Amino acid sequence: MSGESLSLSGHAKTVVEDWSSDKQAFNVPWGKFMMWMFLVSDTFIFSCFLVGYMNVRRTTTDPWPYPSEVFALEMFGTSVPLILIAIMTFILITSSGTMALAVRFAHFKDKKKIFLLMAVTAALGASFVGLQAFEWSKLIAEGVRPWTNPFGAPQFGSIFFMVTGFHGLHVSCGVIYLLVIARKILRGDYDKKGDYSIVEITGLYWHFVDLVWVFIFAFFYLW
Amino acid sequence: MENVATQETESHEDEAQHPIGVYLKVWILLFVISGLSYAVDYFDLQGMVRWSLIIIFMLLKAGLIIAVFMHVMWERMALITAILGPPLLLITLIAFMVSEGLYVFGNRVDYMGRPAAAERIHVADVIHHDEEHGEEAMEEGH
């Protein structure tokens, strides 16, 4: 049935085979596919935020603040531009690396290493949220509000609080999710079936949070 | 069903064979690219150079995370198209919003008497860290 009458080759052939034969189309654990569907829909939510940001930034006639000055920190007596955001970016990338290693050790069913790496990932995620809280309080103290700010276009504040707030919420949920799964791994909840695909599913969510930050970093902080 | 079962074990074996070096290399690469995009801001590059470098570094990082960390490059094409296909629709939204944004901006300049290019405000002119009167400065700013 599959593709004998069709002259397709390579990847195109595998797509036709997976959709046409009388079986499930996606050859992955159902939980993993559901996570992917959630992430695709979440992509649209964050994209709407970023497109909305593009639109207000294009249409405002007020001057846009300099993000690299707004997010600068006093270090060693000089003002280092955007340093807070750079540190947060490196923390998130580090956490993505430890998560990738946890997924790697899930294939060997090495419970202790999985737990340890997921706990480190969660700790890095928590420190990211902590720095974000610091960033929010600094800006609020300087008079940045969702409707006004001393540095220029009022839209800056509303976009900042909405986008980073929504991303921070994702990170916070991710930290809780990671800790719950890490505990279940260590307790041996998945030993009976020997199925550790949950680690990869959790990893997908965590990498997505890092992925969203890549776009926020580029368009909001650097642009 | 048997067919499904064998395919599943095969794909799991494939995944187990990713050498750890791939992850470490990508990890280091992500660090380097992030450092470079921070350098764009640190050395205050402006204009087309800035925007194109930001976009290039962003796409490189996103591609590496999706392909390697999220394992997409090792998935079957049916799943890859289901994941990466729908978000392509966003290009339409972006195109519409760019065109609409230009129109609204033009209207604001033409009918509300707003300046087409306003002078940007430096943070140091508004916030004086030494004298601790951020609130006052904020009032002046308006």
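Which residue follows H6(A), and is its phi positive or negative? Gly188(A) follows H6(A), and its phi is positive, near 90°. This is a predicted model. Here 57 residues of chain A are in contact with 59 residues of chain B. The largest nonpolar core has 73 residues.

**Interface**
- The side of chain A that touches chain B draws at least two residues from each of helix H1 (10-20), helix H2 (30-59), helix H3 (67-70), helix H4 (83-106) and helix H7 (197-222) of chain A.
- That side of chain A divides into 31 nonpolar, 17 polar and 9 charged residues.

**Largest nonpolar core**
- Ile85(A), Ala102(A), Ile114(A), Met118(A) and Phe217(A) have the most contacts inside this core.
- From chain A, H2, H4, helix H5 (111-141), helix H6 (155-187) and H7 each supply at least two residues of the core.
- From chain B, helix H2 (20-42), helix H3 (47-69) and helix H6 (123-126) each do likewise.
- H7(A) gives the largest share of the core, 18 residues.
- Domain 1 (1-82) and domain 2 (85-142) of chain B each contribute at least three residues to the core.

**Contacts of Met118(A)**
- Met118(A) is in contact with Ala102(A), Leu178(A), Ile181(A) and Ala182(A), leaving aside its neighbours within four places in sequence.

**Helix H6(A)**
- H6(A) has 33 residues.
- At 1.5 Å a residue, H6(A) should therefore span 48 Å.

How values were computed: Residues numbered from 1 in each chain as written. Chains lettered and ligands numbered in written order. Predicted model: local features only at pLDDT ≥ 70, side-chain atom pairs only at ≥ 80, totals over all residues. Contact = placed C-beta atoms within 7 Å. Helix = DSSP H or I, 4+ residues; strand = E, 2+ residues; numbered from the N terminus. Nonpolar A, V, L, I, M, F, W, Y, C, P; charged D, E, K, R; others polar. Core = buried A, V, L, I, M, F, W, Y, C linked by C-beta atoms within 7 Å. Buried ≥ 20, exposed ≤ 12 C-beta atoms within 10 Å, placed from the backbone. Domains from an automatic or database assignment. Expected span 1.5 Å × (residues − 1).
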